[in-house]
Amino acid sequence: MSDSLSLPKVNGTKIESKFFSKHSWNADLIEFDGPLLSLYKGEFDEDLLYVWLDCSPTKNRWGVIPISRTNLREYLECTISLRDVFQASRWIVIFHTGSAPNRRNSPIRTTWQALEEYLPDDDSYLVPEISTVAAQRLAQEVCEEYALGLDGDMYIDDIASIPRTYQQLYSFHYGLEHLHRSAVRATLDRLANNWTGGFSAVHLFTGLNQVTPSIHRAQVTEMRYNSPGHIKLDLLPQLAKRIEVAARQIADDVAFQGLEEFYASTYRYFKENNISGFDDETDGKTINLTPRVVKRLNELVDFFFRLMHWQDYREQFSALQVGPLHQLRALLAYYRRLRKLRPYLATDRLLLGQSKLVVQPV
Amino acid sequence: MSPAPYRFMTELSEFQSLGVQCPPAGAVPRDVLAWRWVANPLTGQCFDPPAVRNPTRLLEDPHKACASWALSLHLSHEQSLAAFKGLEKKIKKIRKLFGDHVANVYVTQADGVCTAPDRSGHFDLHQYKTSAVHENIAGMSPIPCPIP
């Protein structure tokens with residue numbers, strides 16, 4: 001439906017199409033008969049906006065604009081305009097698609113100054129009248145400051161291990177609580193039905209990063225340690241609360257004993273029934289199980305949810321469309337990660353949600 | 001009596017195998033005067049849904065959603081212009097994409113099923129195979145530039 005046969009020339013530097021190879025679609029922010037403005041994640045976990053710019057009878061022209069966490073938050077909250085986002089970008093990449101939308105042709109790196117005719121209006125805010133439901137939901141969930149309080153003797157491997165474990169737990173809960181997001185759902189479905197025909201628990205904790213926009217990731221805002229100290233994070237508070245619930249079970253001696261007994265008895269059950277992959281997180285191939293075994297595995301999944309006080313998660317977990325064996329493997333993988341925090345929690349070297357550090361007023 | 005076959009019956013039936021109801025539950029035949037953005041003069045693509053338009057604007061698989069097999073319409077002229085105005089503030093070349101006219105079209109129960117309008121008055125029409133909604137244009141007017 002073009003009124004001209006060719007697109008205006010844009011000056012810039014040609015780049016290789018591998019620039020796009022690791023971009024992951026996260027959500028559409030504006031759409032009408034298809035996407036007009038979408039949020040992607042880049043190779044280095046940076047946020048990118050894909051914006052439709054122009055068309056000819058044979059191709060569409062798109063722009064890729066990097067956007068900071070702060071600007072993305074402010075754009076979603078309608079406090080800055082799309083024009084502001086254009087003008088804040090250090091570069092913009094344009095590319096073209098023809099009949100094969102997955103082929104990004106003739107990519108050029110340029111700047112917004114070379115794209116004046118595509119520059120949005122001054123008042124190009126993401127108002128609710130034109131934004132997608134996905135955009136509105138992204139905006140509604142707001143991160144808050146949260147402290148991982150630290151105390152006592154800490155070694156360099158402790159400082160590496162605590163945030164890494166915490167990030168993996170956070171990622172797990174993010175996935176389960178954001179199944180309504182198409183990108184999250186598609187990623188989890190892909191992880192659950194990957195090309196090996198199996199289910200990799202490892203990827204459950206890492207693969208979701210590509211579909212978690214920066215505004216939902218746990219960002220470090222402050223690190224201080226002089227025994228006591230803290231790592232201050234900006235994160236989604238409801239996910240932190242979920243981790244606190246799980247952490248209370250692992251820190252409490254009686255609850256922990258129950259969980260360990262569950263873990264040991266599940267291990268015995270796997271062994272007695274020749275089910276492999278109890279603690280192998282990379283090779284969870286689908287195997288044929290008898291109805292009796294399936295029933296028992298479902299009972300074990302239910303029991304784990306009760307032990308963790310997560311009964312309200314049961315429905316989301318079932319929505320993953322993987323069998324009870326894979327569900328249980330994923331839960332055991334979560335448990336092994338959570339258990340890594342016990343030495344810190346049990347000795348008060350790690351406090352979730354509070355810091356012992358007395359902040360002196362300036 | 002079995003329901004009339006849809007214009008894109010094969011594609012819609014694929015959603016069923018994925019456990020997705022398409023057209024969505026709640027979509028019903030209705031008689032309504034609706035507005036659709038078009039080019040002037042009309043082109044062959046003016047009444048094609050996004051999934052079959054060429055070049056396609058659907059970059060990712062998840063976009064091959066049920067709605068991409070339907071025609072977008074608005075309930076009123078005002079709502080149609082308001083939506084266009086909202087988009088044009090951000091996407092400057094939108095007239096090249098959707099056209100620069102708005103047509104009012106008689107949609108009848110014989111044309112297909114309509115989804116419930118959203119708060120901006122937008123709804124989707126999943127056409128029956130026999131629908132000739134593009135022949136039921138009651139009038140066409142240019143979209144003002146700028147839209148007041």
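In what order do the seven strands of the open sheet in chain A run? The order is 1-7-6-5-4-3-2, and the pairing is antiparallel. This is a predicted model, in which local features need pLDDT of at least 70, side-chain atom pairs count only at pLDDT 80 or more, and totals for chains, interfaces and linings use all residues. Residues are numbered from 1 along each chain as its sequence is written, while chains are lettered from A and ligands numbered from 1 in the order in which they are written.

**Sheet of chain A**
- Strands are DSSP runs of E with at least two residues, helices are runs of H or I with at least four, and both are numbered from the N terminus.
- Strand 1 (13-14) and strand 2 (24-31) of chain A are the edge strands, each pairing on one side only; pairing requires at least two DSSP bridges.
- Strand 4 (residues 47-55) and strand 5 (residues 60-67) of chain A run antiparallel and are joined by eight bridges.
- A:Trp52 has A:Trp62 in strand 5 of chain A as its bridge partner.

**Chain B**
- Chain B contains three helices and six strands, arranged from the N terminus as α-β-β-α-α-β-β-β-β.
- The C-alpha atoms of chain B fill a box of roughly 45 × 35 × 30 Å along the principal axes.
- Of the 148 residues in chain B, 40% are buried, that is, 20 or more other C-beta atoms, placed from the backbone, lie within 10 Å of the residue's own.

Notes. Buried ≥ 20, exposed ≤ 12 C-beta atoms within 10 Å, placed from the backbone.
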